[in-house]
Amino acid sequence: LLAQSSKTRVSLERSSYDDFTNGGDFSLLSAGLDHSLRWGTGSTLGSSVELQDREGSDAHVRRRWAESLHLQHSRRLGSDHTFMVQSRRSADGTSIRSRSAGTAVNYQPLRWLGLGGNATHQSGQWMTGRNAYTSLAPRADLRLALPFGASFTGGAVTGYERRVDEATGD
């Protein structure tokens, strides 16, 4: 089942799979909601929710929520922001949770020069451990027009990354 408008999409699906050779039969119920909102000159907000319930082989319940935001601050400056949370719990009690967030900024002070950077953070947790990842990366892009319709494009990026993995001892 699917219902859709210019800003919203709703879906509901029920499916079954019979595996006669390996015994991997399952049924799946999933539902989703997506919404987008536009305003100003180029700014958008997108939201998404997804729910899934699987019975049979690999039985689990999964949930996901995501947000994305693009802000067009001016003709030359824009930023993007994302956020997501998801979880999965198996019938045997095994669970996995994760979160992520990020920001990117793009600035074009001159027609041939672009500046920007991004920052992200992700974390996950499961039965026997957890991890975290963080990155920061500034960048510069150069775009030059050359004679005879040719062009030169180049860029530089540097960054910082950190990853932490821990066992919980469960």
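The side chains of Arg-130 and Glu-166 meet in a salt bridge, 2.9 Å from N to O (a salt bridge being a side-chain nitrogen of Lys or Arg within 4 Å of a carboxyl oxygen of Asp or Glu). This pair links distant parts of the chain, with Arg-130 in strand β9 (residues 129–145) and Glu-166 in strand β11 (residues 160–167), 36 residues apart. Please keep in mind that this is a predicted model, where local features need pLDDT of at least 70 and side-chain atom pairs count only at pLDDT 80 or more, while totals for chains, interfaces and linings use all residues. Residues are numbered from 1 along each chain as its sequence is written, and side-chain values use heavy atoms, with hydrogens and water left out.

**Salt bridges**

- By the rule above, the count comes to six salt bridges.
- Arg-130 is partly exposed at 40% relative accessibility, and Glu-166 is partly exposed at 38% (buried means under 20% relative accessible area, exposed over 50%, partly exposed in between, with a 1.4 Å probe and protein chains only).
- Arg-62 forms a salt bridge with Glu-50, and their closest N and O atoms are 2.5 Å apart.
- That pair also links distant parts of the chain: Arg-62 sits in strand β5 and Glu-50 in strand β4 (residues 43–56), twelve residues apart (strands are DSSP runs of E, at least two residues, numbered from the N terminus).
- Glu-50 counts as partly exposed, at 25% relative accessibility.
- Asp-165 and Arg-163 join their side chains in a salt bridge of 3.1 Å, N to O, and both residues are exposed.

**Around His-60**

- His-60 belongs to strand β5 (residues 60–72) and is buried, with a relative accessible area of 6%.
- A polar atom of the His-60 side chain lies 2.8 Å from the backbone oxygen of Asp-58.
- Leaving aside neighbours within four places in sequence, His-60 is in contact with Gln-52, Asp-53, Arg-54, Arg-88, Arg-89 and Ser-90 (contact means heavy atoms within 4.5 Å).

- Val-10, Leu-33, Val-49, Leu-51, Trp-65 and Phe-83 make a nonpolar surface patch of about 470 Å² (patch residues have over 30% relative accessible area and no salt bridge, and nonpolar side chains, namely Val, Leu, Ile, Met, Phe, Trp and Tyr, are joined within 5 Å; accessible areas come from the Shrake-Rupley method with a 1.4 Å probe).
- Leu-33, one of the patch residues, is found in strand β3 (residues 26–39) and is partly exposed, with a relative accessible area of 41%.

Methods:
Helix = DSSP H or I, 4+ residues; strand = E, 2+ residues; numbered from the N terminus. Polar contact = N/O pair within 3.5 Å; in protein donor to acceptor, adjacent residues only side chain to side chain. Patch = residues over 30% accessible without salt bridge, like charges linked within 9 Å, V, L, I, M, F, W, Y side chains within 5 Å.
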